[in-house]
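Colleague: I have a structure to go through with you. Can we take it step by step, from the whole chain down to single residues?

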Amino acid sequence: MGASIKYFGKSYIALLGLMLYTLFVFFYGLGAYPLLDNNDGLYAQIAREMLDGGDYILPHLNGGLYLEKPPLLYWMVALTYKVAGVSEITARFIPALAGVGCVTIVYWGLLELGLKEKAIQGAFILSSSVGLLIFSRMVYFDVLLTLWLTVALLCFLIWWMKETKTYLRLFYLFLALALLTKGFIALILGGGVIGLFWIIEKCPMSMAKAFFDIRGIALFFLIALPWHVLAMSKEPEFFNFYVINEHILRFLDLREPRDYYRGSFYYYIPRLLLYFVPWTILIFFMKFQRIEDRQEKISGHFFMVWAGVFFVFFTLSRAKANYYIVTMMPPVAMMIGVYCASKRWVNLFASGLIIITITSAAFIVPHYEDKITSKKMALVLPKEADQVYFFRDYEKMSSLRFYLNRAVKIIDSQSNDLLFAKREKHVDGLFITLEEFKNKTDFSSLWVYVFHEQQKTFQEMFPQFRMIKNNKKVYLFTNHPVA
């Protein structure tokens, strides 16, 4: 009895330490650097326009329809804006919270599976791996998707072990949330893991029948279906663009536009090793454990299948991105937690290294602000400037639109993210041709932001404009006589 109390006392202390550590590394310095000129600024702006415009069905970017992704992340960020105001911290709060959620769910899932001694280790490995931390500190979909898929698949495994219908219905609920976060990829990944696991474990017919629970399936459709129906009713091109182009054609490398990196078949191997730093090195200082317990064996097999299906799917897909593979991190962390045991110094070293990394980054990153964000360039625009334009590139200056907080017109747009809005002409005057812009220069006072790659081209086309400010990344030109 005394030994048991001592064990649980140590367990609670370790859990408290894990919670405090996790909250610190995911939230510290969240607003220390501006929104970045990538998806960070892009998605933060979409959520802002959702809040300002009041359209919670069809997302908008710079006033034009943006139908590439489902709305759940935008809804959650917009709600955060509503409650706490618009800032870098509130923009990134939901991804950071999702990162904390992933760690918490890994701990809870291992605990529910009866793997008490593995729970803290698995959760700690995940919370101290740089990949999850990096993408939890930017406005990206993938950590939120990772959270929902992790909860869903752990609920499935717990149902498999305990045959409790509550967990099965929770599986359907969280799978629906994953669908609303990043689309039908959630069904493919979740279904692939479950299907392969069934084959390996020789699922009995009774379990297969029980899996198709009427109430669980109804709950799934109740959550996932309404937005899709409303979006199709409001936008006739929704099905073709969102379902066909963004899902099927993307996987087949036929999507328009082809604005994604293709990569080789080994694209994700070095990235996965990098994302698990420092554990890619520390794993050699951990002791491999032989598993005899049946429940642990089944859990270990499930985590392997989970990680394997995710890896194979993203490898086979022609569209590659650095952040896709973050969804694979929870099962790998749990695998390491189940099969390996670490010494205390290993955990202390890992936590210390990550804390130093996070705190250092909060001070170092702002010194590179001009290279990663356009915030300062937004602040130099005069208050009297009434006609503001971007020249060709939108995504490369995505944070600029957020900090300007005003609609801008795009000259000779080459933006992939605004392609649907341009093609369908949802907003009059949002896009203008070079000829239309030339006609304005004779009698209007104009201000134009130009990405550095287009600087020389713009100056050659419009020599009457002069540059008044630049940060070597973004240039501000005007024909205003007193600027």
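This is a predicted model: local features need pLDDT of at least 70, side-chain atom pairs count only at pLDDT 80 or more; totals for chains, interfaces and linings use all residues.

Colleague: How many helices and strands does the protein chain have?

Modeller: Both kinds of element occur in the protein chain. The count is 23 helices and ten strands.

Colleague: What is the radius of gyration, and how does it compare with the globule rule?

Modeller: For 483 residues the globule rule gives 23 Å. The value for the protein chain is close to that, so the chain is as compact as a globular protein of that length. The C-alpha atoms fill a box of roughly 85 × 50 × 45 Å along the principal axes. The radius of gyration itself is 25 Å.

Colleague: What share of the contacts with a separation of 6 or more comes from residues 24 or more positions apart?

Modeller: Burial first: of the 483 residues, 55% count as buried. As for those contacts, the share from residues 24 or more positions apart is 75%.

Colleague: How far apart are the mean positions of the positive and negative charges?

Modeller: There are 49 positive and 37 negative charges in the protein chain. Their mean positions are apart by 8 Å.

Colleague: Is Ala152 buried or exposed?

Modeller: Ala152 sits in helix H7. Beyond four places in sequence, it touches Phe171, Phe174 and Leu175. Phe171 in turn is in contact with Ala152, Leu153, Cys155, Phe156, Ile194 and Phe211, again leaving aside neighbours within four places. Buried means under 20% relative accessible area; at 0%, Ala152 is buried.

Colleague: How far apart in space are Val139 and Leu35?

Modeller: Val139 lies in the loop between helix H6 (130-136) and H7, and its relative accessible area is 0%, so Val139 is buried. Outside its four-place neighbourhood, it touches residues including Leu35, Asn39, Tyr43 and Pro95. Val139 and Leu35 are 104 residues apart in sequence. C-alpha to C-alpha, the distance is 8.6 Å.

Colleague: Where is the cis peptide bond that has omega of about 10°?

Modeller: Most residues other than glycine have a negative phi, and most peptide bonds are trans. Pro278 is found in the loop between helix H13 (268-275) and helix H14 (279-282). The cis bond joins Val277 and Pro278.

Colleague: Which residue in the loop between strand E1 and strand E2 has its place there, and what is its phi?

Modeller: Strand E1 covers 60-61 and strand E2 covers 64-65; the residue is Asn62. At 2% relative accessibility, Asn62 counts as buried. Although Asn62 is not a glycine, its phi is positive, about 55°.

Colleague: What is the phi of Arg392?

Modeller: Arg392 is in the loop between strand E5 (388-391) and helix H20 (398-404). At 11% relative accessibility, Arg392 counts as buried. Arg392 is not a glycine, yet its phi is positive, about 65°.

Methods
Residues are numbered from 1 along each chain as its sequence is written. Side-chain values use heavy atoms; hydrogens and water are left out. Helices (H or I, at least four residues) and strands (E, at least two) are DSSP runs, numbered from the N terminus. The radius of gyration is taken over C-alpha atoms; the globule rule is 2.2 Å times the number of residues to the power 0.38. Buried means under 20% relative accessible area, exposed over 50%, partly exposed in between (1.4 Å probe, protein chains only). Contact means heavy atoms within 4.5 Å. Lys and Arg count as positive and Asp and Glu as negative; His and the chain ends are not counted. The place of a charge is taken as NZ of Lys, CZ of Arg, CG of Asp or CD of Glu.
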